[in-house]
Every structure is written in structure tokens, then in C-alpha cells.
Amino acid sequence: YSYVDVVGKDISATATAGEGYKFVGWYDFTGNKVTTGLSGDGKTISYTTTGDATYHARFEKIKVTQTFDRQILEGSTWKKTEDNKVGTLTQYTHTDVVGATATSTATAGTGYEFVGWYDSTGNKVTVGLSGDGRTISYTTTGDATYIARFQKVKVTQTYKRQVKNGETWEATSDTNVGTVAPESLIVEYGSTAGSTATAGTGYEFVGWYDVSGNPVAGDMISN
């Protein structure tokens, strides 16, 4: 931009930053920042001409911060956690200019599963995700927070009955042989589970065995 007029003319120019940029200030041709003849917000420079002159309006990209948090489901409530046993992220904060790429990958800890990425208002993210959904990647437009949610894995415990037929142990559902209570239950990984065996009339309880036929360790048994 340029302006031509006679010496002694009052002139002004106003700088307006584009989206994703901020105005830094007015500078003269030697690189010194102008400190006089400016409007209150510093965007407009005004002066009386005394000869040829050049002024520069300087702009720079805005820097924004991306925050990646973790939450764990406790009951029916999602709560913030920093426990790495629950899960980890490859990036927790990222500061860069608007238009840069931000990314973070969620990895669940043992006994936990990754539920998904959510924005700061609790809406599930459905775009900008890797095929398995664990990595979020996007172009920054401003400060933003995204949350990786984890929950404990649910596991099913099954308790079956067998009765000896000759030298062979065979599965049975005959309650006259005996009962187990409960026969199955779904619990969170790492929580306590158990079942009680009761022999029917004319039968005796021999013991608990795992799926491979090995006796269950004594410290897992109570009378």
C-alpha cells in the first residue's frame, strides 16, 4: 500500500489481522517499533508527512494450546485421572501456531479398555481418528481440549460342574449331583469373584479345577 501527497499532509493507516494471525505493531524502515502517533489499540498509525517514509505493519501467527486429558469411569461418572496404570497418551499438551497439526494416541493399561475420544463438552469425536480410533489428529484453529476415556474391562467368570463316570470326568447340569452358586458372573478386571459348590445327596465334592484340569491353588479355596 502507498500514499502520495504534499508535505504537511495528515495521513493514517490501520492494520487488521487476518484469521489465525495477530497484529504485532507498526515499525519504521530501520526496524524500530513505532511508539507515537498510534491509536489506543495500536492498530492505526497517524502522522504529518515531512518527506518520503515507509512503515511496516507486522503480523504473526497466533499460538494455540491443545490439551489432551484422560478420564476413568467410576460408577456412572467420568472422572479425570493421571494414573498411567489406567492408560497413557503420546501427547498431553501441544502449543503451536494456528493451522498446525496436533495428534495424540491413547493406549489402555492392563485391565482397562479405551472407550474413545471426547471433546470438552462431552461429545464423542467421530472424525480425524485412526482406523482403530485410538489416535486423534486434526488441524488447530484455536485452544482446544480433548479427552481420552477409559474403563475397566469386564470379564465373565464361569463355574461348571463335572461328575466322574468311570475314569472320565463329564460335564453335568444335574442338580442332584451338586450345585454351584453362582454359575457365572460378569465382573471388572481385578475385582473379587467366587462361587460355592454344594454336593447333592450321595455325592461328594472333590475340588475346584481350572479349564485345563489343574487343581485350583489352595489359597483360592475356602471351606
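**Ground rules.** I'm working on a predicted model, with local features kept at pLDDT of at least 70, side-chain atom pairs counted only at pLDDT 80 or more, and totals for chains, interfaces and linings using all residues. Numbering runs from 1 along each chain as its sequence is written, and side-chain values use heavy atoms, with hydrogens and water left out.

**Cores.** I looked up nonpolar cores first (buried Ala, Val, Leu, Ile, Met, Phe, Trp, Tyr and Cys joined through side-chain atoms within 4.5 Å). For burial I used relative accessible area: buried is under 20%, exposed is over 50%, partly exposed is in between, with a 1.4 Å probe and protein chains only. The largest core has 16 residues, and Phe-68, Trp-117 and Tyr-146 have the most contacts inside it. At least two residues each come from β5 (63–74), β9 (101–108), β10 (112–119), β11 (135–139) and β12 (144–152). β12 gives the most, with 4 residues. Another core lies apart from this one and has 5 residues, including Phe-23 and Trp-26. Strand labels are DSSP runs numbered from the N terminus (E, at least two residues; helices would be H or I, at least four).

**Around β5.** Next I checked the partners of β5, where pairing needs at least two DSSP bridges between two strands. β5 runs parallel to β12 over 7 bridges, and Asp-69 has Ile-147 as its bridge partner there. With β8 (residues 93–97) the pairing is antiparallel over 5 bridges, and Gln-66 stands opposite His-94. β6 (residues 77–80) also pairs antiparallel with β5, over 4 bridges, with Ile-72 bridged to Lys-79. That hairpin has 2 residues between the strands, and Gly-75 takes a positive phi near 70°.

**Rings.** I searched for aromatic pairs (Phe, Tyr or six-membered Trp ring centres within 6.5 Å; planes under 30 degrees apart are stacked, over 60 edge-to-face, the rest tilted). The whole structure has 9. One of them is Phe-205 with Trp-208, edge-to-face at 6.1 Å centre to centre and 65° between the planes. Phe-205 is partly exposed at 43% relative accessibility. Phe-68 turns up again, in one aromatic cluster with Phe-114, Trp-117 and Phe-150.

**Charges over rings.** My criterion was NZ of Lys or CZ of Arg within 6 Å of the ring centre and within 35 degrees of the ring normal. Arg-149 puts its charged end over Tyr-118, 4.2 Å from the ring centre. Arg-58 lies over the face of Tyr-27, at 4.0 Å.
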